[in-house]
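Work through the exercises below with the sequence and the model side by side. Try each task before reading its solution.

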Amino acid sequence: LKKAMAVYVRFLQSNPLLTKTLTAGFVGIIGDFLAQIVEHRMSKGARFVLDARRAMGMIFECAFLSTPLMHYAYNYLEHIIPIHDTETNEEKALRGGSTDFDKTRIRMQSLKRWAAATSHVLADIFLLGPFYVLFIMFGTSLFEGRIRSLQAELLANFIPTFKASVVASLGFMPMQVVAFGVLPTQFRLLYINLQDILWSALVSFAAHKARH
């Protein structure tokens with residue numbers, strides 16, 4: 001496991017977007033596979049058959065639509081509302097200036113870090129979330145041959161699917177805030193990819209529920 005993580009970190013440093021793209025594609029197909037299993041059990045079908053075109057649509061959405069958006073959006077959010085670097089530097093300066101450093105200021109810096117982490121997560125849910133849902137509906141419609149009915153499906157299903165996305169994301173929010181506030185920045189999207197296995201399953205299920 002340590003060797004695998006070391007290899008992942010090395011690729012993440014040398015080819016960040018490509019590494020994130022490949023990881024997200026893997027996550028997308030696992031999430032949709034889980035969603036299809038749940039749908040099959042709910043329908044009480046005799047035999048499970050993987051919908052390959054739908055799965056390809058999820059891979060396309062996760063790898064080529066959502067991941068580039070997350071890559072650049074997360075970097076931009078870190079630039080305008082830094083979580084780690086600024087707080088750490090200021091705290092070090094306070095600690096290095098005197099042995100009797102101002103504990104109140106240290107506490108304020110900690111609060112700022114968690115406020116920044118919370119703002120990142122809220123932006124991910126409410127600002128980027130609609131794009132994730134739109135990308136899922138577009139990608140799966142494209143690969144399933146439903147592109148002509150996409151407009152009607154968006155009008156009918158976008159709001160319910162986005163609500164399902166928000167509910168799922170809010171459920172993960174405490175863990176995501178901790179992850180953003182504690183983990184090094186380079187592991188942030190890896191955590192999101194692991195979380196998105198369940199998120200993708202829930203949203204994929206919601207996006208396809210009304211189609212069948």
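**Exercise 1.** In which helix is the place of Leu22? State also whether Leu22 is buried or exposed.

Solution. Some ground rules come first. This is a predicted model, in which local features need pLDDT of at least 70 and side-chain atom pairs count only at pLDDT 80 or more, while totals for chains, interfaces and linings use all residues. Residues are numbered from 1 along each chain as its sequence is written, and side-chain values use heavy atoms, with hydrogens and water left out.

Step 1: Leu22 lies in helix α2. Helices (H or I, at least four residues) and strands (E, at least two) are DSSP runs, numbered from the N terminus.

Step 2: Leu22 counts as exposed because its relative accessibility is 60%. The cut-offs are under 20% relative accessible area for buried and over 50% for exposed, with partly exposed in between (1.4 Å probe, protein chains only).

Step 3: Cys62 is 40 residues from Leu22 along the chain, and their C-alpha atoms are separated by 9.1 Å.

**Exercise 2.** Describe the chain as a whole: its elements, its burial and its contacts.

Solution. Step 1: the chain has eight helices and zero strands.

Step 2: of its 212 residues, 43% count as buried.

Step 3: take the contacts (heavy atoms within 4.5 Å). Among those in the chain with a separation of 6 or more, 77% are between residues 24 or more positions apart.

**Exercise 3.** Which residues do Ser204 and Ala55 touch, leaving aside those up to four places away in sequence?

Solution. Step 1: Ser204 is part of helix α8. It counts as buried because its relative accessibility is 0%.

Step 2: Ser204 touches Asp32, Ala35, Glu39, Arg54 and Met58. Met58 is 146 residues away along the chain, with 8.1 Å between the C-alpha atoms of the pair.

Step 3: Ala55 belongs to helix α3. With a relative accessible area of 4%, Ala55 is buried too.

Step 4: the contacts of Ala55 are Ile29, Asp32 and Gln36. From Ala55 to Ile29 there are 26 residues in sequence and 5.6 Å in space, C-alpha to C-alpha.

**Exercise 4.** Which members of the largest nonpolar core touch the most other members?

Solution. Step 1: a nonpolar core is a set of buried Ala, Val, Leu, Ile, Met, Phe, Trp, Tyr and Cys residues joined through side-chain atoms within 4.5 Å.

Step 2: the largest such core has 32 residues, and Tyr74, Phe180, Ile192 and Trp199 touch the most other members. Two or more residues each come from α3 (52-80), α5 (103-126), α6 (129-144), α7 (150-182) and α8 (188-209). The largest share, 10 residues, is given by α7.

Step 3: look at Phe180. Beyond four places in sequence, Phe180 touches Tyr74, Ile83, His84, Ala117, His120, Val121, Arg188 and Ile192.

**Exercise 5.** What is the volume of the largest cavity, and which residues are closest to its centre?

Solution. Step 1: on a 1 Å grid over the protein atoms alone, a cavity is a set of points where a 1.4 Å probe fits but cannot get out; lining residues have an atom within 4 Å of a point. Grid points are joined across faces, edges and corners, and a volume is the space filled by probe spheres set on the points.

Step 2: the structure holds one cavity of 30 Å³ or more. The largest cavity has a volume of about 210 Å³.

Step 3: 21 residues line the largest cavity, and Met70, Tyr132, Ile192, Asp196 and Trp199 are the closest to its centre. The elements that each give two or more residues to this lining are α2 (16-43), α3, α5, α6, α7 and α8.

Key:
1 Å grid on protein atoms, 1.4 Å probe; cavity = no way out; pocket = protein on both sides within 12 Å on 5 of 7 lines; lining within 4 Å.
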